[in-house]
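Colleague: Could you take me through this structure feature by feature, giving the general idea before each case?

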Amino acid sequence: MSEHDLEKLLGGFAADTLTPAEKQQLYSAALQDQELFNSLADEQALKELLADPVVRRRLLHAVQETGSTIDRDPASWLNWFRRPAGLAWAGGLAAAVFAVVLGTNVYRESLRQAGRSVAIEEESARTAPTPAPSEPQPASPPIGEPRLKAQANRKLADAPGKEAHTAKKAKQETEMTAKSNEGHATTYPEPDVLRERSPSTPRIFAQSKEDVPDSADQERASVPLTSALVPAPANIPATAAPTGQVGSALSARSLFYGDTEEFTSELMIAEQERSRSAKQFERLEQKKGLSRASQTGNLAGSTKPLGIRYSLVIHGMEGTHDERDARAPIQADSTDLMIEANQDGFFQVWGDDGALQPHLLFPLTEQDPVSSRLIAYQLRRIPILAVYHTITIRFSRMPFGTFSSKDLVEMNRSQLGQLQESSTATGASGSQELAIYVVNQDPSVGMLVVRIPIHQP
Amino acid sequence: MDREQILTTLRERILAFATSRVSRDRAEDLTQDVLTVLHDKYPTVRELTELVPLAFQVLRYKMLDAHRKALRRGEYNQESIEELPLADTGNDPVTQLDQKQRVDRLLAAIAQLGERCRELFRWKLEGKSFPEIQKLMNQTSINTIYTWDLRCRKQLLAFMGGSWK
């Protein structure tokens with residue numbers, strides 16, 4: 001044992017607990033080392049103290065009492081945490097809790113994504129002309145069903161414990177919506193042209209009669225069902241994600257039917273970024289002198305994104321299934337544009353034949369009014385001639401003004417931030433419908449512009 | 001090492017130690033007094049393991065005695081010897097108070113020790129040797145016990161204010 005190590009025996013010297021060998025080593029070293037000798041001489045005071053049996057007993061009692069007190073003291077937890085083993089346990093426990101929370105979130109996210117019909121619907125639309133009912137879509141409603149019923153189905157799937165209550169509530173809401181739609185239909189009748197054509201026009205909805213309580217749809221339901229085609233879905237990805245898309249998990253269809261809770265959670269990050277530049281944006285608006293103050297206020301209160309659903313209907317196919325693919329040419333005088341919005345607004349339909357500047361197809365006159373009212377979830381049918389290369393739908397919460405060159409520019413660039421999704425459904429009579437959902441992800445945007453390229457024969 | 005060699009070496013060490021505490025003249029007197037006691041009163045003690053701790057004990061008593069003498073002589077406060085009380089054969093109140101204060105300080109210092117140090121100190125107070133403590137604390141190496149004890153002792157000394165006195 002080196003001289004340095006002999007210093008370790010000093011504690012034993014004071015307590016007089018050294019073995020004979022240790023004493024021999026320590027005292028021999030002390031005679032050779034003055035520092036060690038001085039240390040032993042200083043230690044003599046403690047040794048003298050500990051040599052007293054009364055003091056020794058008192059100290060022993062104090063040590064045992066302190067130990068038991070500290071065991072009961074909350075501070076002993078701090079001592080436990082200071083130990084390496086305690087720290088390791090605490091760290092491991094924290095990591096385990098974090099992993100469980102993370103795993104739960106991932107699992108919930110995967111369940112939610114599985115519940116969405118985006119990818120499956122796209123796949124079925126591309127691969128099979130008559131899409132087989134996809135298994136992972138139990139929560140996804142058929143295309144033609146009212147949105148409230150669809151939401152009710154989703155809630156039933158998500159919360160089985162609340163099935164009875166949710167189903168009852170959804171049924172009540174569905175009835176209320178049906179009554180509301182009837183009221184809308186009487187308040188805003190279709191133009192005469194459409195009304196005349198309506199009885200002979202085939203119906204594109206694949207939904208059954210009992211699912212469509214409004215009178216207008218019942219009238220159409222009496223017409224034999226035919227197939228409906230999306231003009232060029234191959235050019236449009238099922239969930240097109242132009243610039244400004246928030247997340248790939250967003251579904252245009254779910255947004256269209258007002259899944260605002262999902263939308264809010266997905267847009268949370270985007271909203272934070274948007275709020276930073278909100279003041280700058282308003283300043284810019286004021287500089288431009290646009291009188292959008294009231295409009296902005298209205299839009300700010302609206303959290304539902306603007307969306308439309310459209311499809312093209314081919315006539316003359318009564319009783320037969322249209323097996324043509326989406327690229328099939330559209331026959332002249334047999335095409336109707338079916339359009340439906342998820343909220344009240346105004347719309348225009350423009351046609352572009354490639355030769356001239358786009359011109360207004362609907363409403364029929366460019367005079368007042370230049371836009372037609374569109375009621376939420378009420379289907380409108382617009383006859384389209386096949387001479388046009390492109391059809392453009394403009395939908396806005398506010399009525400459109402007189403058309404100007406500025407609107408023309410806006411028509412070309414307003415498709416940014418819009419989410420598109422194609423959806424296929426099979427009707428009761430075996431008919432097939434391809435519909436396109438277009439939703440603007442930004443709820444504050446008050447206008448949608450949808451360009452529909454038409455394949456010419 | 002025989003008794004004479006031990007005493008010779010002890011004289012050198014005691015003188016050096018005393019010189020570091022008191023003046024040189026008094027240190028030489030102190031050393032002489034210690035060796036006289038060892039020579040006269042303990043002539044039979046020859047073992048190193050007995051003679052050295054005995055020397056430390058005598059040295060401490062002699063230093064305390066010299067301190068009290070200096071007090072009586074008024075070397076510190078220059079008070080008249082007439083005003084000082086007569087010496088008692090037992091522990092004087094000052095010594096008792098000093099011991100009581102040291103015990104109290106020691107108790108307070110022990111209370112601040114960690115669990116391991118308290119446990120180690122408890123084994124030592126119970127008279128356990130380091131090898132026994134090694135077994136009690138389930139350590140494979142006795143050097144671990146030595147190291148722990150050294151650290152605990154330094155910690156206790158620090159809590160005591162740097163001195164056992």
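**Reading the model**

Modeller: A:Asp16 lies in the loop between helix H2 (10-15) and helix H3 (20-32) of chain A, where helices (H or I, at least four residues) and strands (E, at least two) are DSSP runs, numbered from the N terminus. This is a predicted model, in which local features need pLDDT of at least 70 and side-chain atom pairs count only at pLDDT 80 or more, while totals for chains, interfaces and linings use all residues. Residues are numbered from 1 along each chain as its sequence is written, and chains are lettered from A and ligands numbered from 1 in the order in which they are written.

Colleague: Where is B:Asn138, and what is its phi?

Modeller: B:Asn138 is in the loop between helix H6 (130-136) and helix H7 (142-159) of chain B, and its phi is positive, near 55°. B:Asn138 is exposed, because 6 other C-beta atoms lie within 10 Å.

Colleague: Which peptide bond is cis?

Modeller: The bond from A:Phe362 to A:Pro363 is cis, with omega near -5°, and A:Pro363 sits in the loop between strand S5 (359-362) and strand S6 (372-374) of chain A.

Colleague: How do helices H2 and H3 of chain B pack?

Modeller: Two packed helices are described by the angle between their axes and the distance between the axes. Helix H2 (residues 24-41) of chain B packs with helix H3 (residues 48-72) of chain B at an angle of about 130°, their axes being 9 Å apart (axes are lines fitted to C-alpha atoms, for helices over the stretch in contact, and angles run from 0 to 180 degrees between N-to-C directions).

Colleague: Which residues make the contact of H2(B) with H3(B)?

Modeller: Among them are B:Leu30 and B:Val34 of H2(B), and B:Leu59 and B:Met63 of H3(B); two residues are in contact if their C-beta atoms, placed from the backbone, lie within 7 Å.

Colleague: How many residues of chain B are in contact with chain A?

Modeller: In chain B, 38 residues are in contact with 41 residues of chain A, and H3(B) gives the most to that side of chain B, with seven residues.

Methods:
Buried ≥ 20, exposed ≤ 12 C-beta atoms within 10 Å, placed from the backbone.
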